[in-house]
There are 2 protein chains.
Amino acid sequence: MIAELVSVGTELLLGNIVNTNARYLSEQCAALGIHVYYQVTVGDNEERLTQVIRTALDRSQLVILTGGLGPTEDDLTREAAARALGLRLTEDSHTRERIEAYFRNSIHKTISPNNWKQALVIEGAEVLDNDNGTAPGLFVHTGNGKHVILLPGPPNELIPMFRTQVLPILSGLCGGKGTLYSYMVKLCGIGESMAETMIRDLIDSQINPTIATYAKSGEVDIRVTAFAQDEEEGRRLTLPVVEELKKRFGDHIYTLREEETLEAHVIGLLQELGFTVSMAESCTGGLLCGRLVNVPGASDVLKSAFVTYANEAKERLGVRHDTLVTYGAVSAQTAEEMAEAAAKAAGADAAVSVTGIAGPDGGTKEKPVGTVYLACWVRGTVSVKHFLFHGNRAKVRELSVQYALDLLRRCLLEQKRTL
Amino acid sequence: MIAELVSVGTELLLGNIVNTNARYLSEQCAALGIHVYYQVTVGDNEERLTQVIRTALDRSQLVILTGGLGPTEDDLTREAAARALGLRLTEDSHTRERIEAYFRNSIHKTISPNNWKQALVIEGAEVLDNDNGTAPGLFVHTGNGKHVILLPGPPNELIPMFRTQVLPILSGLCGGKGTLYSYMVKLCGIGESMAETMIRDLIDSQINPTIATYAKSGEVDIRVTAFAQDEEEGRRLTLPVVEELKKRFGDHIYTLREEETLEAHVIGLLQELGFTVSMAESCTGGLLCGRLVNVPGASDVLKSAFVTYANEAKERLGVRHDTLVTYGAVSAQTAEEMAEAAAKAAGADAAVSVTGIAGPDGGTKEKPVGTVYLACWVRGTVSVKHFLFHGNRAKVRELSVQYALDLLRRCLLEQKRTL
């Protein structure tokens, strides 16, 4: 099946945003064995948009449109697609009810009249409910065997809709030709280029399964994907590679569960041990704690935490004045005392601390911008780590959070092993 | 001038990489007053690539091609462009010498034969030297007044080449025809569709200047752009629209400075007033404080803050046991006491608190998921707000942070006005 992606939005043509949707959809299509031959971006102009959809329908079997489904007059994708397909728009009562319900539960109590436009659907289309916004997606099967999908532009609406509603339909359309079976091996505390170097030989010799790495700040995900007749064969093909990765990366691997984030994994370890945790954050200013609280149920293990940005706040928490004077706020000693003080103040079994220089100012020759000390206190035992991160303020803080989670994970693993 | 960007590369169609070149070039074109109407991505396939270039030449005056200029057999952009233009490829001796010199200075001492392919140029083209690789760029002016530019795909080759060699030529082509002058009006505490409804008439009647809205969670940016002979005329055209927006949106507008974030604006207000601030966060778990600490220099105004996730932590900070029992942790009364207690514990002039139900669990009929109370205490005066946010856990927390910053901003503005 040949596919074409059409992204709609003047903000893309003005370069205000990067087109990450095209990348996401391309990746998903590739995994399904669908060949994306063209990606086209066009603005909110009905004439040009209709023409682009007509061209796409001429040369591709599957056309996925994203964006331009909003409530404003600029949003013309529904209208243009209907025109290109020669179909009418009709109001969908189910969607109208969903929009009403959305606004009832929202802070914007009044529905502006243009919101009703979003209840219009192309006749005969399958309606894809939007759980994160008001614009529904649409799936149209044309008389001549072509498929047109309209999806909302915001990634937080598009991605869940694609995963839960579009993928099953597309898999069905591509069905009977085998299946993709994949494992995600998730690593932390290692950079992408180091991880790649360690498995260069595996990457170079890959045919089936294939191995692909995806890097985030301080995290690397390795996807092992086999094309197989069935799940059984898929498992047989992928497992030896996963075992090899386990051997090479050891404790860098925190999970094989694709949907498990590092913070969810750490919360899980705490729950398993029956431990509570606290934090004392300086340069990260609450980001570390904020990330743990991403996880539903974090309240089981996290009762309170502290942002101790100034020296006086560190002292009030319990860091000794002498330590701050002798070693400075950014030091292994201060980090250790911060962690211990946070645990004691919160009455927690464990605590992590972060103290560092995120920049742009505050660096010295001995402690340049990017210098970060992390400490983890667990029931009387304290571990401390020193880092020199490269990047701007946001990057240094992001990496600090990442490595603090990793440090906590490793300390909890040790506890688990001694049990 | 109407432009079209053509990105060449199968890695884009497979979703292996994000197309940041299209964004960069779109932004540059917009700044020059060149209208990008289409962005197209196509793979390394000569047939399809040639067809895409022909279509682009039909409907656009300027076609910028990126990628596919490398030495391998997959790299076909030069060949396809020559074919679409009906022009021949000839070897450029200057480029051949540059390739020889490049390899002399490189770690790869031997030149593989296919490298000479990169010395082939379209007849009549201006050659753009590549200071960061072997593939030169090409600038072709066709007989019928069209312009075709071929640029290498790697951003570290493309961007320097564009800045130093392409920009001057394009500026010349657009020369004498004026400049773009724009204002960004940044709003918070209002949704996009409400904001658009309030200026529907202005959007509908826009010609020059144009008005465009850009939405983020709880924020809307409105860009007013005039095409003018010079800055003077640009200001004269845009200012009346900006004044009208000020009249309509009042205190929703927090800044006219494009690069100023809401958190930077709030830090600026605190610095102006000479105030310090603290926080007590429950469901946001540190995200609010983390966002303020994004701003370099936040340490001037923020000394310490508290994550009080559990009731016991709220009590330890200073919330009365009775209040928690009588009204519950998620209530206006608790929010007020949290803010006051945070200010007192930190010795700060102001403090903000957040307490709410981010979900997915914990909702009741009276207090459903998304219920959030925000309070702001400033030197003895406390304001409290009640919200019902819609969305998943991450969305509720993100909106809580956004509206907490807005509440703090409004309270500080009041202080400023009474001074």
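Start with Gln39 of chain A. In this predicted model, Gln39(A) stands opposite Thr41(B), a residue of β2(B). That pair belongs to the topic of how the two β2 strands meet.

Strand β2 of chain A covers residues 35-42, and so does strand β2 of chain B. The two run antiparallel, joined by 5 bridges. Strands of a sheet pair through backbone hydrogen bonds, either parallel or antiparallel.

Now the whole sheet. How many strands does it have? It has 12, and it is open, with mixed pairing. Read the order with me: β6(A)-β7(A)-β8(A)-β3(A)-β1(A)-β2(A)-β2(B)-β1(B)-β3(B)-β8(B)-β7(B)-β6(B). At the edges stand β6 (126-128) of chain A and β6 (126-128) of chain B. Each has a single partner strand, so one side of each lacks a neighbour in the sheet. On average, neighbouring strands are turned by 15° against each other, direction ignored.

What packs on this sheet? Helix α2 of chain A, residues 20-32, does. Helix α2 touches β1 (2-8), β2 and β3 (62-66), again in chain A. The direction of the helix makes about 165° with that of β1(A).

Over to chain B. Here strand β1 (residues 2-8) pairs with strand β3 (residues 62-66) in the parallel sense. That pairing has 5 bridges. Within chain B, Val6(B) stands opposite Leu65(B) in β3(B).

Last, the contact between the chains. It takes 62 residues from chain A and 62 residues from chain B. What is the side of chain B that touches chain A made of? Its residues are 32 nonpolar, 22 polar and 8 charged.

Methods: Residues are numbered from 1 along each chain as its sequence is written. Chains are lettered from A and ligands numbered from 1 in the order in which they are written. This is a predicted model: local features need pLDDT of at least 70, side-chain atom pairs count only at pLDDT 80 or more; totals for chains, interfaces and linings use all residues. Two residues are in contact if their C-beta atoms, placed from the backbone, lie within 7 Å. Ala, Val, Leu, Ile, Met, Phe, Trp, Tyr, Cys and Pro count as nonpolar, Asp, Glu, Lys and Arg as charged, and the others, Gly among them, as polar. Two strands pair if DSSP finds at least two bridges between them. Helices (H or I, at least four residues) and strands (E, at least two) are DSSP runs, numbered from the N terminus. Axes are lines fitted to C-alpha atoms, for helices over the stretch in contact, and angles run from 0 to 180 degrees between N-to-C directions.
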